[in-house]
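Let's walk through this model together, from a loop at its surface to the packing inside. Have the viewer ready and follow along.

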Amino acid sequence: MLASLPAAAEPAFARMYKSQFGYPPSCNACHKDGGGTPLNPYGQQFKDAGMNAGAFAKIAGSDADGDGAANGAEAQARANPGNRSSTPANKGDWLDTASLIPREVQAAFPGVREYLPRDAILTDADIARARTLGASLGKADENTIYVPLQDKRPAGTALIFAAEFKGKTFFLLMVTDRQLKVTQVKAMNSTQVPAAAQSKVYAKFSGVAVDQLPAASGSDLDAAITAAVKKAGTLLYVRLKNA
């Protein structure tokens, strides 16, 4: 299923960033450790300013990361406005492919040195297909799929995604093999919902094809995790099933 992959595309906010500054950003412009992880200070300012094209101008004069350079100046110079170690004078490698892979994803594929990040954009057909699989997806669910390469061939996938329980957000990591069967689901950042790290529900996803993941029932934490995993698996399936 991963012999070939859909063309690269950018989520809506990345497209806005590219339109504003002339180049596609790393997810690290707005996230602490790649797509799906918590927002960094620049991402939070962008969110607070409305998360639209006009938000960039509103926060251009601020210095979100506290490195002495204004957000707009850093972005124009291809420095990361959300990371104080990246400045117009010392941009760093934040736009290099190797730097875009979250540490948790790399740990899931020991020995892999090459990755192919693919941003999953949902078409109307994808959203309709997801409904037939029992999942409700929308533009807010667009994400980055990380594809590890071994001998230039895809070896699986990884996806970092958000879940919500009682109004609090936490983040999960899903890993699959190249046949899109789940090999691992775990809590990646559960600061707001610490109990998510101890849940026993993750074990039931192992070995299940992403289009066969169970639907959630109930309203407890395990149900919230199951619902998020179902949506994430469906996103993978509708974006990669024709590959």
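**A guided look at the model**

Met-51 is partly exposed, with a relative accessible area of 35% (buried means under 20% relative accessible area, exposed over 50%, partly exposed in between, with a 1.4 Å probe and protein chains only). Before going on, please keep in mind that this is a predicted model, where local features need pLDDT of at least 70 and side-chain atom pairs count only at pLDDT 80 or more, while totals for chains, interfaces and linings use all residues. Residues are numbered from 1 along each chain as its sequence is written, and side-chain values use heavy atoms, with hydrogens and water left out.

Met-51 sits in the loop between helix H2 (41-48) and helix H3 (55-58); helices (H or I, at least four residues) and strands (E, at least two) are DSSP runs, numbered from the N terminus. Although Met-51 is not a glycine, it has a positive phi of about 50 degrees. Asp-151 also has a positive phi without being a glycine, with a value near 55 degrees. You will find Asp-151 in the loop between strand E2 (143-150) and strand E3 (153-154). Asp-151 counts as exposed because its relative accessibility is 76%.

Now turn to the interior. In soluble globular proteins, nonpolar side chains tend to be buried together. Here the largest nonpolar core has 37 residues, and Phe-170, Leu-172, Met-174, Phe-205, Ile-225 and Val-229 have the most contacts inside it. A nonpolar core is a set of buried Ala, Val, Leu, Ile, Met, Phe, Trp, Tyr and Cys residues joined through side-chain atoms within 4.5 Å. The largest share of this core, 11 residues, comes from H7. A second, separate core has 14 residues, including Ala-29, Ala-55, Ile-59 and Ala-75.

What does Phe-205 touch, leaving aside its neighbours within four places in sequence? Its contacts (heavy atoms within 4.5 Å) are Val-182, Val-185, Leu-213, Pro-214, Ile-225, Thr-226 and Val-229. Thr-226 belongs to helix H7 (residues 221-240). Because its relative accessibility is 3%, Thr-226 counts as buried. Not counting residues up to four places away in sequence, Thr-226 touches Val-201, Lys-204, Phe-205, Pro-214, Ala-215 and Ala-216.
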